[in-house]
Amino acid sequence: MSTMPSPPEEELASVVVVDYGLGNLRSVTRGLERAGAAVEIADDPEAFEAADGVVLPGVGAFREGVENADSIREDLAAIAERGQPLFGICLGMQMLLTSSEEGETDGDAAVEGLDLIPGTNVRFDSGQKVPHMGWNELAVEREHPLVEGIDGQYAYFVHSYYAVPDAANATVASTDYEQEFPSIIANEDGTVFGTQFHPEKSGETGLRILRNFVDICAED
Amino acid sequence: MLTKRIIPCIDVDLDEDGNPAVYTGVHFEDLKYTGDPVEMAKAYNESGADEFVFLDITASAEGRETMLDVVSRVADEVFIPLTVGGGIRTTEDIKETLRAGADKVSITTGALERPELVNEGARAFGSQCIVISVDAQRRYDEAGENYVEIDGESCWFECTKKGGREGTGVDVVEWAREVESRGAGELFVNSIDRDGTKDGYDIPLTSAVCEAVDTPVIASSGCGGPEHMHEVFTEADADAGLAASIFHFDEYSVGDVKDYLDERDVPVRQ
C-alpha cells in the first residue's frame, strides 16, 4: 500500500459540515481538510448557502437523526433546490431518503426523511450478522464524479439498514453482503448523493472520495 | 464480500519521562518497550491494517490525559477505525474518548462491575461504538454454565479482571449473550491462557463465543503468525483477528498476513 496523500497546498473549495447535534464531527472534518476543503461546522442556512458544498454526517438511529435535523429540514431541501452539492454520510445518507423501517413508515408515528432521493431504508435479513461491520468492496454501477477511480476498492461500513431508492439509476455503486445493496446513491441530477460507508474511515479510498467531492464543489 | 479484518493492537504506557510509548508483554506481564504509538500507527496503516486497537495500560489520571492526546494525534493522521480501551468506567469516559477521535471504546471491567454501562453507552452513542472486551481464562472445575471438551477434559471460560489476576465467576458465553442483549456492537475476546504465548488463538473459546452471538467477534491473544489468523477465521469463524507482538517486532507485516490468507481464499482487503 502507498502512503496517504498529503494535504493540497491551497484550499480548493469551502465545505460546511452540518452540525445537528449527533455524532463526532472530528474525523469527517479532518478528512475533508486533508482532501483540500476549508471546513466550517455550522447549522444555519446562511452558512449553507455561502459554501461550495454541504456534508450531512451522522451515526445512530434514523428517528433521532431526522428529529434532531427537523429545524433545518427546509434549509437542507433548499440546498438541493439550488443545485449545491449535498453529500450524506452513513445515517446522513439514509436521511436523504423518504422513510426507514427503523422508524415507523405510516400512521401518526411515521418518521419522514428528507425525501431528496425518493426511497426507503430497510433492515438486513435476520440470520445475517448485523451490523454489517468492516471493509467491503465497491462496484461502480454508473458514472458520477464522486466515484472516479474507486471501482473495486474497499470501504469501511457499520450499519444495520440500507437504502432502497425508488429509481434504479439512483444506485451509483453497490456492495455485496450476502445480497447486493446500494452503497452509493444519487438523485436524478446528481447533486444530492450519499455513501452508506464512512469515507473518513476508509483509508486512501475514502480520501479519494472526499477529494472527488471537493472537486465537485470547486467546479460549481 | 465482507473481508476478515486484521487489527494490530498497541499497548500504550508512559516511559520514564512521562511520554507515551508502546509496550508489549507475555501473560499480561513482563512488558517490553517497542516504540512511539503515533509513528507505529502510521506504519501499520501503510502496511494495510484494517483498524487499530489502542489499550491504555497506564491506569493513572496522567496516563489517561496522555492517551487521549495520542488518540487525537493518530485520528488526525490516519483515516481508519480506531478503538480505544483501558480504564473506561462511565459514560463520561466514553464521551471523552470518542471526542478525542476514537470510533469505538473497548470496555472490560467497567461493564462487569456495572452492566448498565453497556445499555447507557449504546443508547447515548450507538451500539456501533460499544465494544465489550473479555479476558477469558479456562476453568476445569464445576462452577461454569457452558462446557466444552478440550483434550478429553471438560472446561468452561471465566471472565477475569485485572488482566487475569482476579476471577469473577461469570461464564464468558453467558456474558457475551448478556452484553449483546444490552446493546454491545462488537465483542473482543482475549485469552489469559494464550496471551503472549504465540501458540495460536484459543479456538474453543472463540468458537463458543461466535456461536453464542450474532455480533461481530474480534479474536485476540496468542497469535504467532499468519497460520493462526487462518485457523481462527476458518475454524472459529471470527470476524477479525488481533495481534500485537508479531507486528511490533517486525516478524510479519500486516501485508504478509493478508497475502497468506488471500492465497488460501480467506477474503481480505488488499
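## Two chains, question by question

Trainee: In β9(A), which residue is the bridge partner of A:Asn136?
Mentor: Keep in mind that this is a predicted model. Strand β7 of chain A covers residues 132-137, and six bridges join it to strand β9, residues 154-159. The two strands run antiparallel. The bridge partner of A:Asn136 in β9(A) is A:Ala155.

Trainee: Is β7(A) mostly covered or mostly open, and how many of its six residues are buried?
Mentor: A residue is buried if 20 or more other C-beta atoms lie within 10 Å of its own. By that count β7(A) is mostly covered. The number of buried residues is five.

Trainee: Which element of chain A gives the most to the side that touches chain B?
Mentor: The contact involves 28 residues of chain A and 25 residues of chain B. On the chain A side, α1 (26-34), β7, β9 and α6 (203-219) each supply at least two residues. The top contributor gives six residues, and it is β7(A).

Trainee: How do the residues on that side of chain A divide into nonpolar, polar and charged?
Mentor: Gly counts among the polar residues here. The side of chain A that touches chain B then divides into eleven nonpolar, ten polar and seven charged.

Trainee: Is A:His198 buried or exposed, and which residues is it in contact with?
Mentor: A:His198 sits in the loop between β13 (192-195) and α6 of chain A. It has 24 C-beta neighbours inside 10 Å, so it counts as buried. Leaving aside neighbours within four places in sequence, A:His198 is in contact with A:Ile89, A:Cys90, A:Tyr156 and A:Gly206.

Trainee: Which residue of chain B does A:Glu200 touch?
Mentor: A:Glu200 is also found in the loop between β13 and α6 of chain A. It is buried, because 29 other C-beta atoms lie within 10 Å. Not counting residues up to four places away in sequence, A:Glu200 touches A:Ser27, A:Val28, A:Gly31, A:Gly206 and, from chain B, B:Phe79.

Trainee: Now chain B. Where do B:Asp11 and B:Asp135 lie?
Mentor: UniProt places the feature "active site" at both, again in an unreviewed entry. B:Asp11 is buried, with 23 other C-beta atoms within 10 Å. B:Asp135 is buried too, with 27. B:Asp11 lies in strand β1, residues 5-14, and B:Asp135 in strand β7, residues 130-139.

Trainee: What does B:Asp135 touch?
Mentor: Set aside residues up to four places away in sequence. What remains is B:Thr108, B:Cys159, B:Thr160, B:Gly163, B:Gly164, B:Asn190 and B:Ile192.

Trainee: Why do the buried residues of α10(B) lie on the same side of the helix, and which elements do they pack against?
Mentor: The buried residues of α10(B), residues 254-263, are B:Val254, B:Val257, B:Lys258 and B:Leu261. They cover an arc of only 95 degrees around the axis, which puts them on the same side. In chain B they pack against β1, α1 (37-46), α8 (226-234) and α9 (245-248).

Trainee: Which peptide bond is cis, and what is its omega?
Mentor: Most peptide bonds are trans. The cis bond joins A:Val130 and A:Pro131. A:Pro131 is found in the loop between β6 and β7 of chain A. Omega is about 5 degrees.

Trainee: B:Asp151 and B:Lys198 have positive phi. Is each one buried, partly exposed or exposed?
Mentor: B:Asp151 has a phi of about 50 degrees and lies in the loop between β8 (148-150) and β9 (153-161) of chain B. B:Lys198 has a phi of about 60 degrees and lies in the loop between β11 (186-191) and α7 (203-212) of chain B. With 6 C-beta neighbours inside 10 Å, B:Asp151 counts as exposed. With 15, B:Lys198 counts as partly exposed.

Conventions:
Residues are numbered from 1 along each chain as its sequence is written. Chains are lettered from A and ligands numbered from 1 in the order in which they are written. This is a predicted model: local features need pLDDT of at least 70, side-chain atom pairs count only at pLDDT 80 or more; totals for chains, interfaces and linings use all residues. A residue is buried if 20 or more other C-beta atoms lie within 10 Å of its own, exposed if 12 or fewer, and partly exposed in between; C-beta atoms are placed from the backbone. Helices (H or I, at least four residues) and strands (E, at least two) are DSSP runs, numbered from the N terminus. Two strands pair if DSSP finds at least two bridges between them. UniProt positions are given in the numbering used here, feature names are shortened, and annotations may be inferred rather than shown by experiment. Two residues are in contact if their C-beta atoms, placed from the backbone, lie within 7 Å. The arc is that of the directions from the helix axis to the C-beta atoms.
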